[in-house]
Amino acid sequence: MAREIFTAKRRKTGDGAVNARYKKTEEEKPAQARRQTGGAARKAAAGAAEKPAAKARGKAAAKPEARGAEKTRAAQRKKTAAPGRGGGKKDGLIDARMKAGPRSAARRESGRDRRAREKTEKAMRDRRRAVSRGVDMPVVMITLMTVLFEAMGFMLLAVRTEGAVDLRAFSLLAVMAPLAAATALLLPRFLPLDPLIMALTNFLCGVGMVVLYTVTPERAVRQASYYALGLAAMLVVSLAVSRMRRFRGLTMLSMVLGIGALLLPLAFGSWQNGAKNWVELPFLGSFQPSELVKLSLVLSLAYYFSAHRTVLQMMPAILFAGACLLLLMLQRDLGTALIYYAATLVLFYAACGNVPLTVMGLGGGAAAAVLGYRMFAHVKVRVAMWRNPWSDPLDKGYQIIQALLAIGSGGLFGVGLGQGTPEKIPAYYNDFIFAVICEQLGVVFGLLLLAVYLVLILRGVSLITHTRRSFDMLLGCGVLAIFAIQTFMIVAGVIKMIPLTGVTMPFLSYGGSSLLSCLMMTGILHGIAARTKADMEDDILSIKG
Amino acid sequence: MTQAWFQVLSLCFGYISAALIALIVLLAARKYASDRAVYARVMRHTPQVGAAGVLRVLSGGRRLAAGEELSVPYEGTMGSGHSCDICIPVRRVHMRSAFFWMEEGRLHMAALHRDGFLVDDVPVEPGDEAVLEDGAVVRVGDAKLVLRLYGARRGRGAKDDPYVTSERRRNARQGRGEGIGAPGKGEIRREKKLMKQRALDRAGADGAKARKENRDGKGSRTKRGGAGTIEAMETIGMMEEKQSRRTRR
């Protein structure tokens, strides 16, 4: 990203110090060529390169190229000597402001620094060439591999049935592969998108789609339409975050809408798997409001935690989070409630660094967990099955046992795509998709998939640490906290590290609401990346004059 | 395709996909690391990027040597805590002493702790909002620092952040209290206290003078102690009226 900023800067500042150096190099080339041919030109060029300007002017009067080279060099010397300009590389601007002394920054620059600077500039130059050709090699390679994975997977699944070709698989491939290529390679040129995050997101969605197609092709087709819709929503969110300057109205609106959305299942929802968190809509089908309210939660927490640092002034967001938690408890959607609670706590700590209050919050969460354990029967069952699923292997502990057996039967490299018996696991297409992946593609693939999540989150962390505004930082922090907590909760639940909670795996699990909210949250990260990039670009342009 | 062939190919797909994802992880990690390295290099050669200026230490302590420079981001907190954006590990500096933000090329700073801090020897307490320009001297705890804002940042800054709300801006434009740059509650309270103290001192001085004159046999008894106190009370009344008028306006 930073490379791109430097590149952009170079393109904009045609007469910058760095460009002057490149001009000089370009103009020296003919002079060097003439030097090789010999004669008066050789003398003139050599004089222009080594002797003082006055002497060189006399000798090389007849040679306009040599004169040009000398002019450029003189301009270069002038720029280098001027404090506070691009020539004073490391801290020229500060020193000029500080009036630290008569010695210019350029003179104080040591040989080691100069070498390091030249190395950086070389890297920038290479980067500029690469970008001008439209090649960002790692991203291109990741996208190509994503397309290859999808192509191989869907083509294999298309010919699975003997004597017939499944055209749906080809149609899915025709949708997924161009979308992956366009969003990771083309759109970042015109829209505020981070190529690496986009490429990794596409890969995760592609894996989810291929594995989903092996077990329920109809759901995979529906998921593909949600994916396309989610990408559009992601672009809108990304543009909004990168362009908007006032978030007050949006925050208020999202808080009101969030509470309203969480009330919907209580009023019109129906009980499913011990929770009442789904709403049936006439044309859109069923959706889970708590997935979309995650965006409201992150926005409100980031706004109030960044705007006011006293606990009293943070209260609107804390009250909103508390109201959301209460409504989720009433819906008995404890997994989502846990995500909300943990994200709130992480953001609170990130905003104010108040350890005693954070510890108190943790204590409150623990007390609420104990209360939930005593109040809700299904929580007791889940904890009991987590401790010993073999106590009731055919009923309560069935799904966790099946998931563990699936992971175990997959081995290191899996039983093969479309093989095995994933349909024996209840909720194999959403909560237990990780077990299905491990069965079909192996534990090695599963672990590397977690590594992809890790890189995605690390990339996000690296983006938010460079932001200028605490609002941006907290917004990105909330998104990353939700991704990390959700992934940990479901993977740890599936491998029986913690009691199972009914949450989806980001980007992989089947579910329109989940995929939509995940892609929209990715859009927030893209927007923050664009804002940070623009800020840095401004800084570099203003520093270099 | 026969079932046997499908099994063989799907097994192959398992191995190939493991190799593909391993490559993807490696490439992504490489891209992440190279971008971070480039950013670090950019920051090494242009430390001004992402910073509004520096706070140069004039006098600190054992852990903060004089001459050291602390980078000032566009907004954040200042204090002795490690989580602060400007960490001042000096005696008598609170964990989170102040928070600050850039606006219109100036650094706004508000106290978070009751001890507050001094800007050019003017105390800033909770409720106040100090507006610092280039060269302002900040004294917090035992540390004394001078602010140097980068010249290129003048007139720019994170003005679109939610710290300064539209209400504050409106108040500031209309010259009301609690606006940007307007005297905060602490400042008004301190001004009142100062005026009262001055008036009482003057009254005390007049009274002492009158008592001395009485002792010396000069002056009249009626003058003793009264006039200075009345004058002081009048001054305080005028001050309060002025303040209330200002607030009303």
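**A guided tour of chains A and B**

Begin by selecting strand S2 (residues 275–281) of chain A, which three bridges join to S3(A), the two running antiparallel. Helices (H or I, at least four residues) and strands (E, at least two) are DSSP runs, numbered from the N terminus, and two strands pair if DSSP finds at least two bridges between them. The model is predicted, so that local features need pLDDT of at least 70 and side-chain atom pairs count only at pLDDT 80 or more, while totals for chains, interfaces and linings use all residues. Residues are numbered from 1 along each chain as its sequence is written, and chains are lettered from A and ligands numbered from 1 in the order in which they are written.

Next, select helix H22 (residues 470–494) of chain A, whose 25 residues reach 36 Å from first C-alpha to last, close to the 36 Å expected at 1.5 Å a residue; the expected span is 1.5 Å times one less than the number of residues. Because 21 of its 25 residues are buried, H22(A) is largely enclosed by the rest of the structure. A residue is buried if 20 or more other C-beta atoms lie within 10 Å of its own, exposed if 12 or fewer, and partly exposed in between, with C-beta atoms placed from the backbone. Just after the helix, A:Lys496 takes a positive phi of about 65°.

Now colour the largest nonpolar core, of 142 residues, in which A:Leu347, A:Val452 and A:Leu474 have the most contacts. Such a core is a set of buried Ala, Val, Leu, Ile, Met, Phe, Trp, Tyr and Cys residues joined through C-beta atoms within 7 Å. Apart from it lies another core, of 35 residues, including B:Met78 and B:Leu107.

**Into chain B**

Follow B:Met78 to its bridge partner, B:Ala98 in S5(B). Strand S3 (residues 75–79) of chain B and strand S5 (residues 98–103) of chain B pair in the antiparallel sense over four bridges, and B:Gly76 stands opposite B:Phe100. Six of the six residues of S5(B) are buried, so this strand is largely enclosed by the rest of the structure. Both of its faces are covered, with B:Ala98, B:Phe100 and B:Met102 on one side and B:Phe99, B:Trp101 and B:Glu103 on the other.

On to strand S6 (residues 106–111) of chain B, which pairs with S5(B) in the antiparallel sense over six bridges. Here B:Trp101 stands opposite B:His108. In the hairpin of these strands, which has two residues between them, B:Glu104 takes a positive phi near 50°.

**Where the chains touch**

Finally, show both chains: 55 residues of chain B are in contact with 66 residues of chain A (contact requires C-beta atoms, placed from the backbone, to lie within 7 Å). Select H1(B), which gives the largest share of the side of chain B that touches chain A, 31 residues.

Conventions
Two residues are in contact if their C-beta atoms, placed from the backbone, lie within 7 Å.
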